[in-house]
Amino acid sequence: CSDLAATRSDIKRLLPQDHAVVHYAGHAVAGGGAGGIILLQEHSEVEALTAEEIAGWRLRGAVVVLSSCAGADGRPSPTTGSDGLARAFLTAGARAVIANLWMVNDDDAVDFAARVHDRLATGDSPAAAVRAIQRDMLRMGKPTVAWAGWRVVGADT
């Protein structure tokens, strides 16, 4: 997860490489009939990266962390089920997607994601990492909205 991609062309350049973890931090609109979109800023324009486009990637078993609002929003749709953008990443070959069910404060998302990466680096499965972080944040007295909506979708649930 050391390579940074800010544009669609960066993503296309990095996708052929094998990454154990792929992390998206930014704006997304999830759910609905299209499965959602990720928003990228390319030069002065905002571009939409669709769930359909993401589903065509080759992620080769990567764990995907979506630090965006509602990446696994849970609202049923006839085309994407109830996993929002997470389903597109699973279709692309991710082994698991860590995403939030609802809108989350930026600082809380950064804190949660940093903890996820620390735990994954020590060998925790995605599910074990999320579970441990949620317990820690509960013990710390963090508001429920900061930690309770995070979930793992995929093989490591």
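In which sense do strand E5 and strand E6 pair, and over how many bridges? In this predicted model, strand E5, which covers residues 63–67, pairs with strand E6, which covers residues 96–100, in the parallel sense and over three bridges. Both strands belong to an open sheet of four strands, whose order is E1-E5-E6-E7 and whose pairing is mixed.

**The sheet**

- The edge strands of this sheet are strand E1, at residues 21–25, and strand E7, at residues 150–154, each of which pairs on one side only.
- From one strand to the next, the twist averages 15°.

- Helix H5, made of residues 126–139, lies across E5, E6 and E7, and runs at about 170° to E7.

**Valine 97, a residue of strand E6**

- Valine 97 lies in strand E6, and it counts as buried because its relative accessible area is 0%, whereas the cut-off for that word is under 20%.
- Although valine 97 and valine 65 are 32 residues apart along the chain, their C-alpha atoms are separated by 5.9 Å.
- When residues up to four places away in sequence are not counted, valine 97 touches Val64, Leu66, Ala86, Phe89, Leu90, Arg151, Val152 and Val153.

Conventions. Residues numbered from 1 in each chain as written. Predicted model: local features only at pLDDT ≥ 70, side-chain atom pairs only at ≥ 80, totals over all residues. Heavy atoms only, no water. Pairing = 2+ DSSP bridges. Helix = DSSP H or I, 4+ residues; strand = E, 2+ residues; numbered from the N terminus. Axes fitted to C-alpha atoms, helices over the stretch in contact; angles between N-to-C directions. Contact = heavy atoms within 4.5 Å. Buried < 20%, exposed > 50% of the residue type's maximum accessible area, 1.4 Å probe, protein only.
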